[in-house]
Amino acid sequence: MTKLQEAVQAFPQMEVWNDSCSCKELQYAIDQSAAVGATTNPAIVFNVLKKELPEWEDTIKKIVSDNPSATEDFVAWETIKALGSKASQLLLPKYKETKGQKGRISFQTNAKFYQDKDALVDHAVELAAVVENSQIKAPASKAGIEAFEEMTYRGVSINATVSFTVPQALAVAEAVERGLKRREAEGKDSSWMHPVCTIMAGRTDDWLKNWIKANDIIVHPECLDMAGVAVVKNAYKIYKERNYRTKLLVAAYRNIHHFEDFIGGDIVLTITADYQRKFNGCQFITVKDHMSEPVPQWILDELLSLDEFKKAYLPDGMKPEEFQYYGAFKATINQFLTAYSDLCTLVRKYMVK
């Protein structure tokens, strides 16, 4: 067995997802990593199209020809839906087998809506209708937190993204609980729902490294590779104490800790194809319950000497109105916005002839 297969077999509560909607990569993930989920966003779709454009050109051309008055935005989103729909078919049997608890593909709402609750909700409902095994991503901004409650109430299984901190993860889980309670009060079925909250652990590390560099601070380098792990483990502990129905999801891999330290958890790991191959081929990873092992105290003490880490680690480190101004949030939302622009540029060449 590969390392990921071994880990999932030893700890069935763990889920591995493929962090791409490429059918080739997803099939590898299902076969070699026991993957039970996948994800899309404009950046992922743009990267898949760069690698697999000959396979998708006819689809894009048909979208354009069938919609002669369409905008670039329309063509871009129809393309996203097409890629996600095809990949969703590989996961649909698992979705039906587990009654919605596995086998989902995530579609991400337009990053431009990160300050607009109503726009996020409307787009989420639209995307959720694309395939039956959908999961809908939206950023964990203040507006996003508000939107998650309404999305959940409407029966949308959410995937909070652009999320790096314990305060964001707790706000997401509380919003989902409110939405579920509203549904249950009206007798609506929630049994097929499977909400998750992402913590982009590697991007938490990235931001802290940039922050200490900008502030002329030096710490032991191993601390900076464990910041995201510490954040995830603290959020996980609180989730279990409070019995939230949302499941934590780890994304943005940078090092071996971002897999090994979460083995044994009731958690989702969404992993790119390249990191799946790295983890699967790594002889140094030990498959045992690492999730219950605390971050070494000396590392945590050193990290907690940094004010910027406290914002990410402490449950009250930030208020919802501060989420979109956190450094990792700003860097990531800008990347998503740029990627969406790149995707529109790519489809434009099929429209402007």
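Is Glu184 buried, partly exposed or exposed, going by its relative accessibility? At 39%, Glu184 falls in the partly exposed class (buried is under 20% relative accessible area, exposed is over 50%, and partly exposed is in between, with a 1.4 Å probe and protein chains only). The model here is a predicted one, so local features need pLDDT of at least 70 and side-chain atom pairs count only at pLDDT 80 or more, while totals for chains, interfaces and linings use all residues. Residues are numbered from 1 along each chain as its sequence is written, and side-chain values use heavy atoms, with hydrogens and water left out.

Now for the charged pairs. Searching the whole structure turns up 24 salt bridges (a side-chain nitrogen of Lys or Arg within 4 Å of a carboxyl oxygen of Asp or Glu). One of them links Glu25 to Lys51, with 2.7 Å between the closest N and O atoms. Glu25 sits in helix H2 (residues 23–33) and Lys51 in helix H3 (residues 42–66), so this pair ties together parts that are 26 residues apart in sequence. Helices (H or I, at least four residues) and strands (E, at least two) are DSSP runs, numbered from the N terminus.

Glu184 belongs to helix H7 (residues 166–185) and Arg245 to the loop between helix H10 (227–242) and strand E7 (247–251), so the contact ties together parts that are 61 residues apart in sequence. Arg245 is also partly exposed, with a relative accessible area of 39%. Elsewhere, shared partners join Glu149, Glu150, Arg154, Arg178 and Arg182 into one salt-bridge network.

As for the strands, eight of them close into a barrel in the order E1-E2-E3-E4-E5-E6-E7-E8, with parallel pairing (two strands pair if DSSP finds at least two bridges between them). From one strand to the next, the twist averages 25° (axes are lines fitted to C-alpha atoms, for helices over the stretch in contact, and angles run from 0 to 180 degrees between N-to-C directions). Strands E5 (residues 158–161) and E6 (residues 196–200) pair in the parallel sense over two bridges, and Ala160 stands opposite Cys197 in E6.
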